[in-house]
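Please look at the sequence and the model first.

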Amino acid sequence: MIIAVDPGIGGAIACLERTVLHTVIDMPTMTNGKKQMVNAAELAKFLEGYRRKYDGNLTVYLEDVHSMPGQGVSSCFNFGVSFGIIQGIVGALQIPMVLVTPQSWKKRAGLIGKEKDCCRTLMQQLYPDAPLGRKKDCGRADAIAIAHFGPKDS
């Protein structure tokens, strides 16, 4: 079983076993004052359920993201906090984790240089039953794509 994570507030989590998509959910979040943040307790509960069910046959593929030019300092910091929360939970649950760069999975998917929504279109073709009908489901599509294209010598 592969659990792929597109980190961040607008990200998602996809669970894929071979070519069967078990589930895809938006990143669990909560409000902290005026800002959204990853809900660590809900994320841990979700991952713990899969760890118990697939113990010994489970790997998390986490998109290895970095700050990008033009991003504000505050947004970079918040994104890094989300990334750290995810790494911490996966580590605490002792689930093997592989960091997958966006360049590696996008290259294998043929998405380098393409618009963000192209990933959603491709995942709709590969997984017609996936809940990707909304324009804002790009995080879900990315998580599915990380699961599908990530586990290749990342």
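Leaving aside its neighbours within four places in sequence, which residues is Ser82 in contact with? The model in which to look for them is a predicted one. Ser82 is found in helix α2, which covers residues 73-92. Beyond the neighbours within four places in sequence, Ser82 is in contact with Gly8, Ile9 and Val38. The relative accessibility of Ser82 is 4%, so this residue counts as buried; the cut-off for buried is under 20%.

Helix α1 takes in residues 40-53, 14 residues in total. From its first C-alpha to its last, α1 reaches 20 Å, close to the 20 Å expected at 1.5 Å a residue. At the start of α1, Asn39 places a side-chain oxygen within 3.3 Å of the backbone nitrogen of Ala41. Which residues of α1 are buried? They are Leu43, Phe46, Leu47, Glu48 and Tyr50. An α-helix has 3.6 residues a turn, so residues three or four places apart point the same way.

Helix α3 spans residues 102-109 and helix α5 spans residues 138-149. Their axes come within 9 Å and cross at roughly 80 degrees. An angle of 65 to 115 degrees counts as roughly perpendicular, and α3 and α5 are therefore roughly perpendicular to each other. On the α3 side the contact is made by Trp105, Arg108 and Ala109, and on the α5 side by Asp142, Ala145, Ile146 and Phe149. Of the residues in this contact, 5 are nonpolar, none are polar and 2 are charged.

Is Asp142 buried or exposed? With a relative accessibility of 4%, Asp142 counts as buried. Not counting residues up to four places away in sequence, Asp142 touches Asp6, Trp105, Lys116 and Cys119. Asp142 and Pro102 are 40 residues apart in sequence, while their C-alpha atoms are 9.3 Å apart in space.

Arg140 also lies in helix α5. Its relative accessibility is 14%, so Arg140 counts as buried. Which residues does Arg140 touch, not counting those up to four places away in sequence? They are Ala12, Val24, Asp26, Pro131, Leu132 and Arg134.

Methods:
Residues numbered from 1 in each chain as written. Predicted model: local features only at pLDDT ≥ 70, side-chain atom pairs only at ≥ 80, totals over all residues. Heavy atoms only, no water. Helix = DSSP H or I, 4+ residues; strand = E, 2+ residues; numbered from the N terminus. Expected span 1.5 Å × (residues − 1). Buried < 20%, exposed > 50% of the residue type's maximum accessible area, 1.4 Å probe, protein only. Polar contact = N/O pair within 3.5 Å; in protein donor to acceptor, adjacent residues only side chain to side chain. Axes fitted to C-alpha atoms, helices over the stretch in contact; angles between N-to-C directions. Parallel < 35°, antiparallel > 145°, perpendicular 65-115°, else oblique. Contact = heavy atoms within 4.5 Å. Nonpolar A, V, L, I, M, F, W, Y, C, P; charged D, E, K, R; others polar.
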